[in-house]
Structures are given as structure tokens and as C-alpha cells.
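Have your viewer open and your selection tool ready.

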Amino acid sequence: MFETLSDRLTSVFSGLRSKGRLSDADIDATAREIRIALLEADVALPVVRAFIARVKERARGEEVSRALNPAQQVVKIVNEELIEILGGETRRIRFAKTPPTVIMLAGLQGAGKTTLAGKLATWLVAQRNAPLLVAADLQRPNAVTQLQVLGERAGVAVFAPEPGNGVGDPVQVARDSIEHARRANHDVVIIDTAGRLGIDEEMMRQAADIRDAVRPDEILFVVDAMIGQDAVNTAQAFADGVGFDGVVLTKLDGDARGGAALSIRHITERPIMFASTGEKLDDFDVFHPDRMAGRILD
Ligand code: GDP
């Protein structure tokens, strides 16, 4: 994760080690190199521009501490600005005052939604919640079975349409699941919805219909970090079509560049809440902007 960006930034900083004080020209040159490193990592241009402007402004300002040498000062500024661009504070799930808390997952097919549903359920069980997984992805032939298998592995109940009843109505499944959760004392409901390979009006409408039927406490947009800047475009489409409260980045284990991770918060103004880093149920964690920035600057 972030290997190239990490290497590039390390080399930018090491070039500053020998300097006693940074001139404006030094700051400009450093900013230029950081800009190139971010662009090569596939970070969206508006994000790069905003980031560089902040770093330059701060590096020139009076805030720099006498206790740090110029290289350390620049590292400190870049670290803080990375945390900011990644969302600042860790954003946790907002649980409903009256259970069940309804979490709806939306995203393209293949983004990792169904896998994520299983991971989120596993994580919630570890937090002493009693989640219910809901199979409202009735588009992809295997999605219901996949969720049932995941549920079994995670030891979590799955609510799915009865087999043999045709394709079924995902909106009705979602609605019924809430009722079922109340009766069976599940305090969190995780609804897996259908995605398509590309952005599609019908998919958006279906997701919006499910949203209107169950009024989720959290809508999480699940996106494959490996698609880089396309993640930003997809996020924009979902923000317009369905709306969402937070982002889950998946396949961060395969994302060497980090462009999506670094762009999506700034562009969508929605926090990254979770990160998925593999195919196993426990390859998953709350997204901490400060730890992620630390990893980039490691
Ligand atoms: P959905 O269509 O959005 O429900 O996507 P799936 O959950 O079926 O995931 C699509 C593929 O991506 C599957 O082969 C998953 O095993 C894989 N996958 C999901 N999350 C991750 C992840 O974080 N890392 C990696 N390497 N693979 C993942």
C-alpha cells in the first residue's frame, strides 16, 4: 500500500536534510516534487492543488518550530495535511438510539460489498453487537448464496428471500428484514444491495428505493481502491444518485498507489469509515486517518 508515494516522499525529505534553513525557492522546489509524487500516486488534481497550497502556505508561515530542522518541519506539515485530507478524525458508526441500527451498503458489482458485509458483521460481533445480514442483492446470481456462506463462517444470521420464489423484490426483502430484526433482537441490520459493473440508472433507482423503504442510519459506499481515480467518479455518481454517509475502501492490499484513498474524502466530503485489506473475514478495520498518514510517511 502506498509504496511508490512513500518512496517518493522519503526521497523528497532526505534532500532537505542538509539544509539549515528553507528559502522560498527551496519550498517551491519541494512543493513541486511532492506535487509530482501525488500525481504519480493517481491523486485527483483538485486534491493535489489544495494539498500543495496548504503545505506551501504553512512551510512559509511563522508556525515552524525552532526545535525542528527544516526536513522535520516539512515532514510534520505533510503528515498533518495528509491526516486532514484523509478525513482528520476517525469517524465511527453512529448507532440508532432505538435499535436496530440499519446500515445499507451500496457500490458497483465487484467492489467487495458482499465480502464487506461479512467482515462488518464479524467486526460487530466482536464489539458485542448482534447483527443480521440481509441479502437484498438479488441481481447477481450467486450473491445470496455467497452471503449465506459468509454468514455461516461469521456465525451471523442471514435474512434472504425464500428460495424458489422467483427473483424477489429487494425493497420488500429489506423492509421485511427490519421487522425480522426487531422480532429476533438483532441490534444492527446490514443490507447488501445489488451493484452493476458500471453506473446504471436502474441500479441507482433500486438503491434509492431501498433507502426510502428502510431509512438507513448509515449508507456506506463501498469502493475498490484499486480503480484509482475512477473511484472518485463512481463516488460522485453514487453521491448524486443515492447519497451516502461514509466510504469503505476495499482491496487496499492491492492498491500500491493510494490515489483513491487520498482523493475520495476531499472530493465527496464524506469520511472513509472502514478499510478492507484482503479476502479473509478479519482483513478489515476502522479507518484511522492518522495511522494511514503514518503509513505513507513510514
Ligand atoms: P460485490 O459484487 O461488491 O458484492 O463484491 P464481492 O464481495 O463479491 O467481491 C468481489 C471480489 O473481490 C471477490 O473475489 C472478493 O474475494 C474480492 N475482495 C473483496 N474485498 C477484498 C479485499 O479487501 N482485498 C482483496 N484482495 N480482495 C477482495
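Select Glu279 and the ligand first: an N or O atom in the Glu279 side chain lies 2.6 Å from an oxygen atom of the ligand. That is a polar contact, meaning a pair of N or O atoms within 3.5 Å. With the ligand still shown, note that the protein covers 80% of the 580 Å² of accessible area that the ligand has on its own (Shrake-Rupley method, 1.4 Å probe).

A word on what you are viewing: this is a predicted model, where local features need pLDDT of at least 70 and side-chain atom pairs count only at pLDDT 80 or more, while totals for chains, interfaces and linings use all residues. Residues are numbered from 1 along each chain as its sequence is written, and side-chain values use heavy atoms, with hydrogens and water left out.

Next, pick Asp253, whose side chain has an N or O atom 2.7 Å from a nitrogen atom of the ligand. Then click Ala111; here a backbone N or O atom is 3.2 Å from a ligand oxygen.

Which of its 17 residues come nearest? They are Gly110, Thr114, Thr115, Asp253 and Glu279. By class, the shell has two nonpolar, nine polar and six charged residues, with Gly counted as polar. Highlight helix 5 (residues 113-126), which gives the largest share of the shell, four residues. Helices here are DSSP runs of H or I, at least four residues, and strands are runs of E, at least two.

Move on to residues 271-284, which UniProt lists, in an unreviewed entry, for "domain: SRP54-type proteins GTP-binding"; such annotations may be inferred rather than shown by experiment. This stretch is 0% helix and 43% strand, and its end C-alpha atoms are 16 Å apart.

Last, two backbone stops. Pro99 and Pro100 are joined by a cis peptide bond, with omega about 0°. Pro100 is in the loop between helix 4 (70-85) and strand 1 (101-106). Asn185, not a glycine, has a positive phi of about 60°.

Definitions and conventions:
Near = heavy atom within 4 Å. Polar contact = N/O pair within 3.5 Å; in protein donor to acceptor, adjacent residues only side chain to side chain.
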